[in-house]
Amino acid sequence: MTSGIVVSPEVADALAAGRPVVALESTLLAHGLPRPDNRRAADDVEAAVRSGAAVPATIAVLDGVPHVGLEPEQVDRICGDPGLAKLGIRDLPVATARRLSGATTVSSTALLAARAGIEVFATGGLGGVHRQSAETFDESADLGALARTSIVVVCAGVKSILDVPATLERLESLSVTVVGYRTTAFPGFYVADSGSPLDWSVEDPAQAAAVFAARRNLTPGAVVVANPLPADEQLDPGMHDRVIADALTAAAAAGVRGKAVTPFVLDHLHRASEGATLAVNVRLVLRNAELAGRIAAALRNR
């Protein structure tokens, strides 16, 4: 146990031996993918990390105790419990004090990973600034957490239902380093290009590791590595734009607001695209997990 965090034996051994480890969030499994697809995806994502030469560490809170690295029966629990809470950083003290269980978001996963000594984290997409944020002030806690946490986050950009340009502006204001992986176009999760440009890119895992090592030596904060899907694996851009517009219209008509918007819209996307968004979601998470493993290995070799 590390400061109230239970680290699995495999992860603890890897960290003690200086082997590369990649953190994985559990909200994707509990709230981002339908059952039983989520349980199969959990194994596939961990396998992708291993294929990148690193040890996976899925993170969750069980009965009030943060766990870094889960055993198979614990993954079963995360994937099978429909009432599992969604825990950001602000929720961790409540879950810990009341001995509750929950899946960790990007913000809380990054925090717990860093506390355990893990420097690389793979996810699907970051949270960001929501549309109509000028009226709602709705901005993901992920952004502030990344400004404070020294970690590499490999992602496919932010969910395209968000305000992508505003999210990039906030990341810049928070001094979070953002680089594209072999691209200067910020990915839009389901599509390779959100339409927003990036100033910097890296060409291989070693360059990404070098950027993080330099950042770590200078100041706390994250390096976001935005990893787009290949064009032939993305969601059809025409379908993407049409379905996103329809989903946002349906959310507004239903009076859905705040944090309820994302799951509502994602469910609408899944149904309207006849499962195409789910397939793309799984593909991009697997690609991010493998790349994160390779970056973690490169970082350990520095």
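Tutor: We begin with the pocket lining. The lining of the largest pocket divides into 16 nonpolar, 18 polar and twelve charged residues (nonpolar: Ala, Val, Leu, Ile, Met, Phe, Trp, Tyr, Cys and Pro; charged: Asp, Glu, Lys and Arg; polar: the others, Gly among them). This is a predicted model, in which local features need pLDDT of at least 70 and side-chain atom pairs pLDDT 80 or more, while totals for chains, interfaces and linings use all residues. Residues are numbered from 1 along each chain as its sequence is written, and side-chain values use heavy atoms, without hydrogens and water.

Student: Which residues lie nearest the centre of the largest pocket?

Tutor: A pocket is an open set of points on a 1 Å grid over the protein atoms alone, where a 1.4 Å probe fits, with protein on both sides within 12 Å along at least five of seven lines; lining residues have an atom within 4 Å of a point. Here T27, K86, T105, T262 and P263 lie nearest the centre, out of 46 lining residues.

Student: How is a pair of aromatic rings described?

Tutor: By the distance of the centres and the angle of the planes. Rings of Phe, Tyr and Trp (its six-membered ring) pair if their centres lie within 6.5 Å; planes under 30 degrees apart are stacked, over 60 edge-to-face, the rest tilted. The count here is one aromatic pair. The ring centres of F189 and Y190 are 4.7 Å apart and the planes stand at 85°, so the pair is edge-to-face.

Student: Are C79 and C155 buried or exposed?

Tutor: Buried means under 20% relative accessible area, exposed over 50%, partly exposed in between (1.4 Å probe, protein chains only). C79 is buried because its relative accessibility is 3%, and C155, at 0%, is buried.
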